[in-house]
Amino acid sequence: MSAVVISITNAANELTRVSALADQFAAANQLSSDVTADLHVALDEVLTNIIKYGYTDDRAHEISIQLRVEDGMLVAEIQDDGRPFDPLILPEPDVKASLKKRRVGGVGIHFVRKLMHEVNYRRMADRNRLVLKRHLKA
């Protein structure tokens, strides 16, 4: 299983399907527990944000997730038709500041950036495309 694709709707209960697919993909590709855990955290953060904040209507929308192993890296590609949003333009949060002084938001994408070795965003044909890459070996 070198690559898998799943399409979900923008409903929170769909995250369970993605988690199960990620586990199956990890087992089939013999990914380490560290890589698998990082994948779960990153997918949960990115997909939760898309589902919560990506749409201005109540209609069902398709979100596509592709997982693959390529050139010694785990690659997760997420595409959605939500409003344009580049999470990489968010400033790094001040994680050393007290909770009272921290601004709200931005911590989740901070974790994604720290867990993944590459994070890239592009808007293509009215779709957001976020590509997460993590080396399989430390």
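**Helix packing and core of a predicted model**

Helix 1 crosses helix 2 in a right-handed sense. The contact between the two involves Leu-15, Val-18, Ser-19, Ala-22, Asp-23 and Ala-26 on the side of helix 1. On the side of helix 2, the residues taking part are Thr-36, Leu-39, His-40, Leu-43, Asp-44, Leu-47, Thr-48 and Ile-51. The model shown here is predicted.

Two packed helices are described by the angle between their axes and the distance between the axes. For helix 1 and helix 2 the angle is about 155 degrees, and the axes lie 10 Å apart. Angles over 145 degrees count as roughly antiparallel, and helix 1 and helix 2 are therefore roughly antiparallel to each other.

These two helices belong to a chain with three helices and five strands. Read from the N terminus, the order of elements is β-α-α-β-β-α-β-β. Of the 138 residues in the chain, 40% are buried. Among contacts between residues at least 6 apart in sequence, 63% join residues at least 24 apart.

Helix 2 covers residues 33-53, which is 21 residues. From its first C-alpha to its last it reaches 30 Å, close to the 30 Å expected at 1.5 Å a residue. An α-helix has 3.6 residues a turn, so residues three or four places apart point the same way. The buried residues of helix 2 are Val-35, Thr-36, Asp-38, Leu-39, Ala-42, Leu-43, Val-46, Leu-47, Ile-50 and Ile-51.

In soluble globular proteins, nonpolar side chains tend to be buried together. The largest nonpolar core in this model has 32 residues, and those touching the most other members are Leu-43, Leu-47, Ile-63, Ile-65, Leu-67, Ile-78 and Leu-132. Two or more residues come from each of strand 1 (3-9), helix 1 (15-28), helix 2, strand 2 (62-70), strand 3 (73-80), helix 3 (107-115), strand 4 (118-124) and strand 5 (127-135). Helix 2 gives the most to this core, with eight residues.

Apart from neighbours within four places in sequence, Leu-67 is in contact with Ser-2, Ala-3, Val-4, Ala-22, Phe-25, Leu-39, Leu-43, Val-75 and Ala-76. One of these residues, Phe-25, is found in helix 1. Phe-25 has a relative accessible area of 0% and is buried. Along the sequence, Phe-25 and Val-69 are 44 residues apart, while their C-alpha atoms are 9.7 Å apart in space.

Another pair to look at is Glu-118 and Met-73. Glu-118 lies in strand 4 and is partly exposed, with a relative accessible area of 33%. Leaving aside neighbours within four places in sequence, Glu-118 is in contact with Met-73, Val-131, Leu-132 and Lys-133.

The last stop is two loops. Most residues other than glycine have a negative phi, and most peptide bonds are trans. Asp-71, in the loop between strand 2 and strand 3, has a positive phi near 50 degrees. Ala-125, in the loop between strand 4 and strand 5, also has a positive phi near 50 degrees. Exposure is over 50% relative accessible area; Asp-71 counts as exposed at 75% relative accessibility, and Ala-125 counts as exposed at 75%.

Conventions. Residues are numbered from 1 along each chain as its sequence is written. This is a predicted model: local features need pLDDT of at least 70, side-chain atom pairs count only at pLDDT 80 or more; totals for chains, interfaces and linings use all residues. Side-chain values use heavy atoms; hydrogens and water are left out. Helices (H or I, at least four residues) and strands (E, at least two) are DSSP runs, numbered from the N terminus. The expected span of a helix is 1.5 Å times one less than its number of residues. Buried means under 20% relative accessible area, exposed over 50%, partly exposed in between (1.4 Å probe, protein chains only). A nonpolar core is a set of buried Ala, Val, Leu, Ile, Met, Phe, Trp, Tyr and Cys residues joined through side-chain atoms within 4.5 Å. Contact means heavy atoms within 4.5 Å. Axes are lines fitted to C-alpha atoms, for helices over the stretch in contact, and angles run from 0 to 180 degrees between N-to-C directions. Angles under 35 degrees count as roughly parallel, over 145 as roughly antiparallel, 65 to 115 as roughly perpendicular and the rest as oblique. A crossing is left-handed if the near helix is turned anticlockwise from the far one by less than a right angle, and right-handed if clockwise.
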